[in-house]
Amino acid sequence: VLKLYSYWRSSASYRVRIALHLKGIAFEYMPVSLIQDGGQQHAADYRALNPQRRVPLLVDGVFRLNQSLAILDYLESKHPQPSLVPEDAQLRARMWAFCHTIAADIQPLQNLGPLKYLTREFGASDEQKNVWVRHWIERGLAALEEERRSEPDAACVFGDAPTLADCCLVPQIYNAGRFNCDTARFPRLYAIAQRLCGRPEFIAAHPDKQPDAAPA
Ligand SMILES: N[C@@H](CCC(=O)N[C@@H](CS)C(=O)NCC(=O)O)C(=O)O
């Protein structure tokens, strides 16, 4: 059985959890606390598995893979049904552009390690860090919203069935909520994510439902 090293609040892990549930793939949840002991991602045993010292990490037998988008691609290749990737070449490419905007342009600027570095090296306060995070999330999601505006509204980001874009969108909207972003800057994407969050696969993948979730 596949093992997923994950942290309940990690948005990159959340992307992979959604895809695993949508595809109905069984997996073992391996918690890595990014908080306890100064961050268990830095512990020698985890570092030996993943020198990047981040989650998620997928382990399939002796095969280990980090980077959520690479993991999503691997899952799609190994478990093609139900497909989470559009068949049309242009739509597929645009779906990847959407995923990369979240994974490469937005999430890294709100990631725990870089935020801690801002405090340690530059004395940034919590409020300054929140202003920073809100700026980059709102800018990124507002631009994605603008791109989608010329397309007909649908249940999911690209049409009526979930794709990898939705696996990336829902965790990013969750983070927008955590940081009190102005969701009025991306109403359509917000509404898509809200609707998807009611589906059983998305409920099962939600941070609060994970074995390592902190009590409310
Ligand atoms: N681009 C990576 C990002 C991975 C990442 O940044 N993970 C975060 C949690 S969402 C992490 O492990 N942070 C720990 C740290 O920064 O020390 C991916 O998509 O998998």
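Here are legends for several close-up views of a predicted model.

**View 1**
As for the space the ligand takes up, that is the largest pocket.

**View 1. Polar atoms facing the ligand.**
Arginine 15 has a polar side-chain atom 3.2 Å from a ligand oxygen. Asparagine 111 also has a side-chain N or O atom in the picture, 3.0 Å from an oxygen atom of the ligand. With valine 55 it's the backbone that takes part: one of its N or O atoms sits 2.7 Å from a nitrogen atom of the ligand. How much of the ligand does the protein bury? On its own the ligand would expose 520 Å², and the protein buries 91% of that.

**View 2. Serine 6, tucked inside.**
Serine 6 belongs to strand E1, which covers residues 2-6. Is serine 6 buried or exposed? Its relative accessible area is 0%, so serine 6 is buried. Look for its side chain and that of arginine 17, because the two are joined by a polar contact of 3.0 Å. Leaving out residues up to four places away in sequence, serine 6 touches Ser13, Arg17, Tyr29, Met30, Pro31, Val32, Val55 and Asp212.

**View 3. Valine 1, out in the open.**
Now for valine 1, in the segment before E1. Its relative accessible area is 72%, so valine 1 counts as exposed. Valine 1 still has some contacts: not counting residues up to four places away in sequence, it touches Ala26, Phe27 and Glu28. Valine 1 and valine 59 are 58 residues apart in sequence, yet their C-alpha atoms are 8.9 Å apart in space.

**View 4. Helix H3 and what covers it.**

**View 5. Two cis peptide bonds.**
Most residues other than glycine have a negative phi, and most peptide bonds are trans. Where are the cis bonds in this view? One joins valine 55 and proline 56, with omega about 10°. Proline 56 is in the loop between helix H2 (44-49) and E3. Another runs from glutamine 81 to proline 82, and its omega is near -10°. You'll find proline 82 in the loop between H3 and H4.

Aspartate 37 isn't a glycine, but its phi is positive, at about 55°. Aspartate 37 sits in the loop between strand E2 (27-31) and H2. With a relative accessible area of 68%, aspartate 37 is exposed. Glutamine 67 is not a glycine either, and its phi is also positive, near 70°. Look for glutamine 67 in the loop between E4 and H3. Its relative accessibility is 54%, and the cut-off for exposed is over 50%, so glutamine 67 counts as exposed.

Histidine 79 lies in the loop between H3 and H4. Its relative accessible area is 29%, which makes histidine 79 partly exposed. Setting aside neighbours within four places in sequence, histidine 79 is in contact with Lys23 and Ile25. From histidine 79 to alanine 26 it's 12 Å, C-alpha to C-alpha, and 53 residues in sequence. Glycine 140 is in helix H6, residues 126-148. At 8% relative accessibility, glycine 140 is buried. Between glycine 140 and isoleucine 35 there are 26 Å in space, C-alpha to C-alpha, and the two are 105 residues apart in sequence.

Definitions and conventions: Residues are numbered from 1 along each chain as its sequence is written. This is a predicted model: local features need pLDDT of at least 70, side-chain atom pairs count only at pLDDT 80 or more; totals for chains, interfaces and linings use all residues. Side-chain values use heavy atoms; hydrogens and water are left out. Helices (H or I, at least four residues) and strands (E, at least two) are DSSP runs, numbered from the N terminus. Buried means under 20% relative accessible area, exposed over 50%, partly exposed in between (1.4 Å probe, protein chains only). A polar contact is a pair of N or O atoms within 3.5 Å; within protein, one must be able to donate a hydrogen and the other to accept it, and residues adjacent in sequence count only if both atoms are side-chain atoms. Contact means heavy atoms within 4.5 Å. Accessible areas come from the Shrake-Rupley method with a 1.4 Å probe; for residues, only the protein chains shown count as cover. On a 1 Å grid over the protein atoms alone, a cavity is a set of points where a 1.4 Å probe fits but cannot get out, and a pocket is an open set with protein on both sides within 12 Å along at least five of seven lines; lining residues have an atom within 4 Å of a point. A molecule sits in a cavity or pocket if more than half of its atoms lie within 2 Å of its grid points.
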